[in-house]
Amino acid sequence: MPSALPEVWLRGPIEGFPPELMPVAQSLLQVLEEVDRVVRPLTFEELWIRPGGAASIGFHLKHLAGSLDRLLTYARGERLSDGQRSALDAEEIAGLANDQPALLLHAASEAIARALQQVLATGVETLNQPRRVGRAGLPSTVRGLLFHSAEHAQRHAGQIVTTAKIVCGSRGPDQTS
């Protein structure tokens, strides 16, 4: 069911966020709303089905949370921990007890909340500071990493919404919720 509210970016400024970072905050909040709406009614099986070989909704949820964490680590000027690298490897693995829709939705929501806190705490004077990304140390900036974290989350939210439509559309008439 579509939201009665306009998209987050059309609701005006979000209190506390500077104009330079408002699009990042609005994008992350939009991701949160869209993902919550479509994942909440899914079953475990629907979360992990791969229609036509596409990535599962569960993968996208895990990757959304994990990539936000990793990109924001780089934005702080830090290197990834061994735990973050292990989590990246585990994003493709399905079927674990904690891979239930409600738990993965909670993990994604928590990752977005942490991202919003970091964006809120980021001084606009730091936005053009250089940052290095990945083992290769590819060049970026705080601004680039914050923007990409929101943009990347939006991509995966779009995949989640589209895959959920396909999965739910393939339910039988007596299985539609």
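The structure is a predicted model, in which local features require pLDDT of at least 70 and side-chain atom pairs count only at pLDDT 80 or more, while totals for chains, interfaces and linings use all residues. Residues are numbered from 1 along each chain as its sequence is written, and side-chain values use heavy atoms, with hydrogens and water left out.

The protein chain contains six helices and two strands, where helices (H or I, at least four residues) and strands (E, at least two) are DSSP runs numbered from the N terminus. Their order from the N terminus is α-α-α-α-α-β-β-α. The radius of gyration, taken over C-alpha atoms, is 17 Å, close to the 16 Å given by the globule rule for 177 residues, so the protein chain is as compact as a globular protein of that length. The globule rule is 2.2 Å times the number of residues to the power 0.38.

Of the 177 residues, 42% are buried, that is, under 20% relative accessible area with a 1.4 Å probe, protein chains only. The accessible surface, from the Shrake-Rupley method with a 1.4 Å probe, comes to about 9,800 Å², and 59% of this belongs to carbon and sulfur atoms. Among contacts (heavy atoms within 4.5 Å) with a separation of 6 or more, 67% join residues 24 or more positions apart.

Q118 lies in helix α5 (residues 101-121) and counts as buried, at 14% relative accessibility. Leaving aside residues up to four places away in sequence, Q118 touches L72, A75 and R76.

Definitions and conventions:
Buried means under 20% relative accessible area, exposed over 50%, partly exposed in between (1.4 Å probe, protein chains only).
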